[in-house]
Amino acid sequence: MNDANIDFYRRIGADKLRQIAALQGLESAPEIPLLMPYLENSSLVVEIGAGYGRIVKALRDNGYQGKIIAQERCPELSQVLRESCQDKAEIFEADIKRELYPRKPDVFLWMWSGILEFTPQEQQEVLIQLYKHLQPNGILVVEIPREIRYVGKPVDERKIVVEADWGRLEAYLPSEEELIDYARKAGFAHKETIHYQTTTGLKRSMYIFGKSFCPEQEKGHKSENVVA
Ligand SMILES: C[S@@+](CC[C@H](N)C(=O)[O-])C[C@H]1O[C@@H](n2cnc3c(N)ncnc32)[C@H](O)[C@@H]1O
C-alpha cells in the first residue's frame, strides 16, 4: 500500500499539501509546542516523511537546537525541502521501509498521520526497525487523527481513501489498542498519549513510545509475538 501511494505525493506539490494542512488546522503546527518538553535532551531528531517542511520549520521556530534529519522519499518534495529547509535540517532522501539514516537518533517523529499510509503489517515492521535503530533512551512519536474530517473518506471503520485530481491515497488508521500493541511487540514502552485539537478543531493524538532496552529484541526479534 505504501509503495502504491507514492504517486499521490509525486504529483501533489508543496502548495496543495500546505492547503490541506491549513484545512486540517495543522499549518501552524499546533502540536509542536506540546512536544518540545520531550525533545529537551535530544541532539538528533529524524522526521519520517518530512513533506514540505512544516515540522522542520516549527521545530526551529520553537527553539529546537539539535540536528534535524528530514527524511522524505518523494523526489519532488525532497527538492522542496532542499530549497526551503537546507539551513534548518539535513535532507535525507530515502524510503523509511528500505533505509534508515546511518546515525541513531534520540527521537523519531512520525507526524500528521504518516503511519496511516502503511498496511498494518508494514506499520508493525517499521516500528520494529525504528526500535532497533533508536538510541537506548530514545523516543518515537506517532501522531494520528481521532476523527476523519475534511480530507479522506472512511471506507470502513479503519480504512480511508483520499481521491483527488492528482491521485488516490489509501490509508489504514490503527486503533489505539493496535498502535500500542505494535509498539509493545517492537519493544517500546508506552510512555504517554497527548490528545490535542488543531486550529480547525480536529481531534488528534500523539503517542510517545520510549525505548526500554531489551537485549533479545536488539538481537533480531526472536520473540514469537513479533511479526517478521
Ligand atoms: C501527510 S505528509 C506529512 C508531512 C510532514 N510530516 C508534516 O507533518 O507536515 C506524509 C509524508 O510522508 C512521506 N512518506 C510516505 N511514505 C514514506 C516512506 N515510506 N518513506 C519516507 N517518506 C514517506 C510522503 O511523501 C509525505 O511527504
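**Burial, pairing and confidence: a dialogue**

Student: Why does Trp112 count as buried?

Tutor: A residue is buried if 20 or more other C-beta atoms lie within 10 Å of its own, exposed if 12 or fewer, and partly exposed in between, with C-beta atoms placed from the backbone. Trp112 has 22 C-beta neighbours inside 10 Å and therefore counts as buried. The structure is a predicted model, in which local features need pLDDT of at least 70 and side-chain atom pairs count only at pLDDT 80 or more, while totals for chains, interfaces and linings use all residues. Residues are numbered from 1 along each chain as its sequence is written.

Student: Where is Trp112 found, and what is the value of its phi?

Tutor: Trp112 occupies the loop between strand S4 (107–110) and helix H5 (120–133); helices (H or I, at least four residues) and strands (E, at least two) are DSSP runs, numbered from the N terminus. Its phi is near 45 degrees, a positive value in a residue other than glycine. Most residues other than glycine have a negative phi.

Student: Which residues are closest to the ligand?

Tutor: The closest are Gly49, Gly51, Arg54, Arg73 and Trp112, within a shell of 21 residues. A residue is near a molecule or strand if its C-beta atom, placed from the backbone, lies within 6 Å of it. Helix H3 (54–61) and strand S2 (67–72) each contribute at least two residues to this shell.

Student: How do the residues of the shell around the ligand divide?

Tutor: Nine are nonpolar, six polar and six charged. Here Ala, Val, Leu, Ile, Met, Phe, Trp, Tyr, Cys and Pro count as nonpolar, Asp, Glu, Lys and Arg as charged, and the others, Gly among them, as polar.

Student: Is Ala29 buried or exposed, and why?

Tutor: Ala29 has 21 C-beta neighbours inside 10 Å and therefore counts as buried. Its place is in the loop between helix H1 (6–23) and helix H2 (32–39). Phi of Ala29 is likewise positive, near 50 degrees, in a residue other than glycine.

Student: Why does Arg18 count as partly exposed?

Tutor: Arg18 has 17 C-beta neighbours inside 10 Å, so it falls into the partly exposed class. Arg18 belongs to helix H1 and touches Glu27 and Tyr52, not counting residues up to four places away in sequence. Two residues are in contact if their C-beta atoms, placed from the backbone, lie within 7 Å.

Student: Why is Ala94 classed as partly exposed?

Tutor: With 14 C-beta neighbours inside 10 Å, Ala94 is therefore partly exposed. Ala94 lies in the loop between S3 and S4. Leaving aside neighbours within four places in sequence, its contacts are Gln71, Arg73 and Glu99.

Student: What makes Trp110 buried?

Tutor: Trp110 has 25 other C-beta atoms within 10 Å, and is therefore buried. Trp110 is part of strand S4. Beyond four places in sequence, its contacts are Ile48, Ile115, Val141, Val142 and Glu143. The C-alpha atoms of Trp110 and Glu143 are separated by 6.3 Å, although these residues are 33 apart along the chain.

Student: Which way do the residues of S4 point?

Tutor: Val107 and Leu109 point one way, Phe108 and Trp110 the other, and all are buried. In a regular strand the side chains alternate between the two faces of the sheet.

Student: How do you know that S4 and strand S5 pair?

Tutor: Two strands pair if DSSP finds at least two bridges between them. S4 and S5 (residues 139–145) have four bridges, in the parallel sense. Trp110 stands opposite Val142 in S5. The chain crosses from S4 through H5 to S5, and this β-α-β crossover is right-handed: with the strands pointing away from the viewer, the path from the first strand over the helix to the second runs clockwise. Strand S1 (residues 44–48) also pairs with S4 in the parallel sense, over three bridges.

Student: In what sense do strand S9 and strand S10 run, and how many bridges join them?

Tutor: S9 (residues 188–197) and S10 (residues 203–211) run antiparallel, joined by nine bridges. They form a hairpin with five residues between them, and Gly201 in the turn has a positive phi of about 85 degrees.

Student: What is the mean pLDDT of the protein?

Tutor: The mean is 91, and 92% of the residues reach 70 or more; pLDDT is the predictor's confidence in each residue, from 0 to 100. Over residues 220–228 the pLDDT is below 50, and this stretch has 11 contacts in the model beyond near neighbours in sequence. Where pLDDT is low, the predicted coordinates should not be read in detail.
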